[in-house]
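Visitor: I'm new here and curious about how such descriptions are worked out. Could you walk me through this one?

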Amino acid sequence: MARIIDAPLTTSESSGCDPRAVHETWGALDAAARRGLAYTPEVAAETAPLYERVKHVIPAVEWPAYAPLISAINTMKRAKNAVILAHNYMTSEIFHCVGDFRGDSLQLAREASETDAAVIVQAGVHFMAETSKILAPEKTVLIPDMRAGCSLAASITGADVRLIKERFPGLPVVTYVNTSADVKAESDICCTSSNAAAIVEWAAREWGVDRVILLPDEYLAKNVAAQTGIKIISWHGRCEVHERFTAEDIAELRAAHPGIVILAHPECPPDVMSASDFAGSTAALQDYVVEKRPAKVVLLTECSMSDNVASVAPDVDFVRPCNLCPHMKRITLEGIYDALANMQHEVVIPEDVRVRAKKAIDAMLALPKEKPRAFETGRAEVAVELV
Ligand code: SF4
């Protein structure tokens with residue numbers, strides 16, 4: 001079950017629990033000093049506007065540990081013509097203070113394809129860095145920690161997809177962007193949680209079929225099947241963060257916080273989606289909070305998302321489910337600093353794989369840009385065929 005933390009927060013609370021774990025996850029707070037960086041009056045003045053964006057999660061006493069790294073990273077970005085793509089699950093000092101483009105996988109994929117920068121630093125997990133390299137092969141794409149993986153991406157290989165295609169010839173293969181380049185290369189089109197239902201409907205129409213292969217997330221597949229009525233063949237992959245939310249968590253939240261609005265990500269199990277008030281991608285969840293301004297809300301998704309949305313909706317009271325993604329949390333300020341300083345951990349993809357994977361991503365990006373589609377909650381669970 002998710003651990004629920006109510007506001008107000010300290011930095012360690014917002015990250016998820018045991019301060020020693022936080023220490024290990026984020027690295028020692030003297031990381032700046034070990035890199036010869038100091039909190040000078042100049043650094044304090046330069047970073048003061050950035051602190052305004054994160055003061056709701058970072059206590060003032062901790063800012064001198066972050067500010068020198070932030071200042072040095074932003075200086076290196078200008079010198080090296082680099083940009084940082086920051087996913088919604090990054091901690092706030094990364095997301096708000098060094099990220100040049102922020103958003104969900106789809107938004108970051110579009111930015112990677114359009115940026116003029118020579119260097120992309122992916123503040124996200126490995127499949128996201130691969131997506132950037134696939135779309136921008138002429139650029140140097142760096143990831144601060146090569147170990148930043150993903151349980152969904154690790155669940156399936158390109159060889160698995162080839163076997164599935166042999167078993168179901170003639171059916172379109174839609175793969176979630178949370179997959180390796182190898183898997184994308186075997187696919188007809190990619191999708192994200194923002195557009196999964198629309199793309200499955202599109203694929204069924206284009207191929208003239210009533211079944212679509214949607215890989216590798218079992219729960220996303222079930223949730224899309226419930227929305228679209230299209231029969232889905234899927235895989236047994238799961239997000240290790242979202243699969244932990246339960247319908248019992250929701251009952252407890254409603255009992256403890258009468259009137260709370262519950263928003264869920266579609267990687268959550270179907271009974272969680274059904275019991276929520278609203279469901280959609282991280283972009284859709286943020287749009288909901290910003291537009292509807294619920295008095296009290298809980299986002300059933302990765303821990304840092306609430307911190308990041310809270311900065312643009314300070315009047316909303318967030319109850320924070322503390323499910324951390326251990327892979328996302330491998331990305332730290334000091335890791336980003338080292339990546340830029342040493343131009344290290346470059347993402348490389350064999351050209352034949354990259355070209356085929358790009359076709360699947362391009363097919364997704366070529367479809368009309370639309371607002372992230374919400375998932376209707378309260379729907380009955382629909383079975384999918386798992387292979
Ligand atoms: S939150 Fe889930 S889907 Fe996202 S990177 Fe972590 S394990 Fe993968």
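Guide: A residue is near a molecule or strand if one of its heavy atoms lies within 4 Å of it. This is a predicted model, where local features need pLDDT of at least 70, side-chain atom pairs count only at pLDDT 80 or more, and totals for chains, interfaces and linings use all residues. Residues are numbered from 1 along each chain as its sequence is written, and side-chain values use heavy atoms, with hydrogens and water left out.

Visitor: Which residues are around the ligand?

Guide: Y89, V125, C150, S151, L152, N178, C239, V241, E267, C325, H327 and M328.

Visitor: What makes residues of that shell nonpolar, polar or charged?

Guide: Ala, Val, Leu, Ile, Met, Phe, Trp, Tyr, Cys and Pro count as nonpolar, Asp, Glu, Lys and Arg as charged, and the others, Gly among them, as polar. So the shell divides into eight nonpolar, three polar and one charged.

Visitor: How do you know that β8 and β9 pair?

Guide: Strands (E, at least two residues) and helices (H or I, at least four) are DSSP runs, numbered from the N terminus. Two strands pair if DSSP finds at least two bridges between them. Three bridges join β8 (residues 211-215) to β9 (residues 231-234), so they pair, in parallel. I213 has I233 as its bridge partner in β9.

Visitor: And why are β7 and β14 at the edges?

Guide: The open, parallel sheet has the order β7-β6-β8-β9-β14. β7 (189-191) and β14 (385-386) each have a single partner strand, so one side of each is left without a neighbour in the sheet.

Visitor: How many bridges pair β2 with β4?

Guide: Five, between β2 (residues 82-87) and β4 (residues 119-123), in the parallel sense.
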